[in-house]
Amino acid sequence: MRSIIGLLTKVKNRSTITELLYSLTAIVIALIIGAILIYFSGHDVWKAYYNLFYGAFGNSYNLAQTLLKTTPLIFTGLAVAIGFQSGLFNIGGEGQLYWGAFATAVVAITFSHLPGLILILLSLLAGAVAGGIWGSIPGYLKARTGAHEVITTIMLNYIGILATTFLLKNYFKEAGPVDQTRMIPESARMSELIPYTRLTWAIFLAVTVIIIIDYLFKNTSLGYDIQAVGKNRDAAEYAGIRADGIIILTMALSGAVAGLTGSTIVLGVLHRFITNFSPGYGFTGIAVAVLGRNKPWGVLLAALLFGALEAGGMSMQLFAKIPSDLMTIVQGLVILFVAAPAFIQLLSKSLRGADQSE
Amino acid sequence: MNEILESIFSINTLAAAIRMVTPIALAAMGGAFSERSGIINIGLEGMILTGAFAGVLGSYYTASPWFGVLLALLAGGILGAIFALFTIKFKADHVVAGVGLNILALGATTWLMQVIWGSRGSSPNVNGLEEISIPILRDIPVIDKLLGTQSPLVYLMFILVISGWFLLFKTPLGLRIRMTGEHPEAADTLGINIKGVQYFSVILSGVLSGLGGAYLSLGHLNWFSMNMSAGRGYMALAANIFGQWNPLGGFAASFLFSYTDAVQMRLQGLNLNIANELIQMLPYLLTIIVLAGAVVRSRPPEALGKHYEPGGEG
C-alpha cells in the first residue's frame, strides 16, 4: 500500500499513470471496507474474496461470464463518459437502453425475411437511433430551457421503461403470462464465441465503438467542439461553436451508445424483449465512467473490473452465502473515492508523514 | 368523465396528496439548505432511503416507532456528514459524489436487509406510528378530512417547513447560509465560518431527508422494502429548484407532484380505458414540464457547485 502511494507521488507529472494509481487505490480501499463488512456480518473474508476472484477469472467459463457482464457496461459506461466530455451528466442510460432493446427486437421480428448480417446491422441501427432520440430529449431541454439533465434523464428513465412496456403489452406481446415479444429469428441472433456461455461477438462491437469514440475525441473537430463546450460553454460560444447544437448532439450520441446496450442484449443474450430485463446497467455505467475517468479506454478497463465484480459477486453469493449487493456497496464507495482525489492525496500525505516519523 | 373529475377533485385525493407530500417536502427543504450554502445535493435520494431503513431497524429492535424515528434522524445526519466530508473537505465533484452516495445507500440498505432479516424483498412488519387527532382541526368540516387525523410526522413536516423558511430568511444564521452560497469570498471577508456553515447545512439536509424516509417506512406502511425511496429524492430536488430554493416554495412544488401522484393512483383504481403505464407516467412527465418551465426564470445560488478555500488558498 505504502509503496503504491510512494510510487504515486513520484509520477505526479504523468497524469494518466497517476489517475490509474488513484483509481487502483480507490478500488483497494473500497474492497478493504467490503472485507470489514463481510467480517462483521460473520462470514469468512478469505473464502468470500476467493470465490469472488475464482468466479470472475477461475476458468474459461467464468472468464466468459465476466466478459458477458462487461459488454453492457462498456456501452453504458461509454455513454456516460461521452456526456461528461461535454459537461453533461447522462443518468438516463437505463431508459435509453430500454428503447434500444425494444426497437432492436421489433425490427428483428418485423424484417425477419432479410439475410442475417443485414438484419443484425439494421436491428443494431434501430437500437442506436431509438436510444439516440430518447437521449436527445434531455439534451434539447438542457440547451433550450436549462432544465438540469440529472433530473430530466432520471424522469425519462421511468417514462421510457413505462412507455416500452405499454407498447409491448398493447402491440407486440407474445400470448402467455409473461410480458415479452416473441423470439427474434435465428438469423438475427449474434453467434456465441464459446458454446453455452452466451458470450457473443457483441464484446468486439463494444471495443470497436470504444475505438471510434476515442478517435472522435482525439482527432475530429466535432470531438474538439464537444470538449470545448464541456470545459467552458461561454468561451466555446465566443469561439463560434454553437453550444446548444453540440449539447443536443452529445446527448443523442450518448443515448445511441446506451441504446446499443439494449440491442446487443436482445440480439446476443435474451433473443427477445422482456419487460424489466435490465438489472440497472445504466446506473452501473455511471460508476464505470467515473472510474474510467471518462476516457474511452479507461471505460474499457473499468467495465472489465465491474464485470468481474458482478460475475464474481454471483459466485460469492452462491458459494460463500454473501449477498451480491455487497458489490453495489463497493461500487458506490469506488465512485466516492475516485470523485475525491483530495482524499487520496491526504491519505498519501499522512502515510508519508508516518514514514518520516519512523 | 364525471368519475374522472370526481377523483381528481375529491377530498380523499387531496388528503392522500397531503400524506404523500410529507417525505418529498422534507427532502426538498433539505435540498434548499444544502444548495443555499453552495452544495448541490443529489444525495437526497440515498438519505431518504437510509432514513426509511433506519426507522424500521430502530422500531424492529425496540418495538418503539419513535426510537425508529430517532435512529432515522441520526442515520440521515451521518449520511449528510459523510457527503459533507467528501464534497467540502475532499473536494469531490458534488454531482458525482451524490450519485456515489445514492448507490452506496442502495447497496448498503439492500445488503443489510438480507444480513439482518434474510430477505431481499422487504423487512418484516414493525410497529409504525399511530395517527393522531388534533382537537380543533377535527371539528372543522372539510379540514377535518384533510388534517383532522394524520400521522404525527405530517404535522411535524408543516411545523418544520415554516420554521425552516424562518431560519433561512429571517435569522442571522440563515443570512450566513445564503451568503456562503452566493458570495463565499464576501462571506469569508466578513469572518463567516464558511465550511462550518456548509457542514451544518448539509448535515441538516441529511437529518430532514432521514425524517422523510422515516415517514415512508413508519408513517403508513410499517415495513421497509428494497429501493423504497423510488426517486423521491430526485423529485425533491426538482421541487426545490421549482420552489426557488425556498422551503415554502419547495413545499408547494412538492405538493404539485404528490397531488399528481395521488390522482394517478386514483385513476388506476377506476378501470378506465387508459393503460396503467400511461397514467403512471403523469408525475414524471409533470416533473419534466415544470422543471423545463421553471428554470428559465429561476436563478441558483451564485457559487453553487463550486469549491471555495477560505483565505484564498484554493
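Why does Leu282(B) count as partly exposed? The residue has a relative accessibility of 33%, and the class "partly exposed" lies between buried (under 20% relative accessible area) and exposed (over 50%), as computed with a 1.4 Å probe and protein chains only. The structure is a predicted model, in which local features need pLDDT of at least 70 and side-chain atom pairs count only at pLDDT 80 or more, while totals for chains, interfaces and linings use all residues. Residues are numbered from 1 along each chain as its sequence is written, chains are lettered from A and ligands numbered from 1 in the order in which they are written, and side-chain values use heavy atoms, with hydrogens and water left out.

Leu282(B) belongs to helix 15 of chain B; helices (H or I, at least four residues) and strands (E, at least two) are DSSP runs, numbered from the N terminus. When neighbours within four places in sequence are left aside, Leu282(B) is in contact with Thr260(B) and Leu267(B), contact being defined as heavy atoms within 4.5 Å. The C-alpha atoms of Leu282(B) and Gly164(B) are separated by 30 Å, and these residues lie 118 residues apart along the chain.

The interface of the two chains was examined next. The size of an interface is often given as the accessible area lost when the parts come together. Chain B and chain A bury about 3,600 Å² between them, with 84% of it on carbon and sulfur atoms; buried area is the accessible area (1.4 Å probe) that two parts lose on being put together, summed over both. The contact draws 42 residues from chain B and 45 residues from chain A. Two salt bridges are found across this interface, a salt bridge being a side-chain nitrogen of Lys or Arg within 4 Å of a carboxyl oxygen of Asp or Glu. Lys169(A) and Glu277(B) meet in a salt bridge, at 2.7 Å from N to O. On the side of chain B that touches chain A, helix 4 (65-89), helix 5 (94-117), helix 12 (232-242), helix 14 (276-280) and helix 15 (282-294) of chain B each supply at least two residues. Helix 5 of chain B gives the most to that side, with 14 residues.

Over all chains, the whole structure holds 12 salt bridges. In one pair, the side chains of Glu19(A) and Lys295(A) meet at 3.0 Å, N to O. This pair links distant parts of the chain, 276 residues apart: Glu19(A) is in helix 2 of chain A, and Lys295(A) is in the loop between helix 12 (281-291) and helix 13 of chain A. Glu19(A) counts as partly exposed because its relative accessibility is 23%, and Lys295(A) counts as partly exposed because its value is 39%. Lys142(A) and Glu149(A) also form a salt bridge, at 3.0 Å from N to O; Glu149(A) counts as buried, at 2% relative accessibility. Arg144(A), Arg233(A) and Asp244(A) are linked in a network of salt bridges.

Ser315(A) is located in helix 13 (residues 296-320) of chain A and is buried, with a relative accessible area of 10%. With neighbours within four places in sequence left aside, Ser315(A) is in contact with Asn51(A), Leu52(A), Gly55(A) and Ala320(A).
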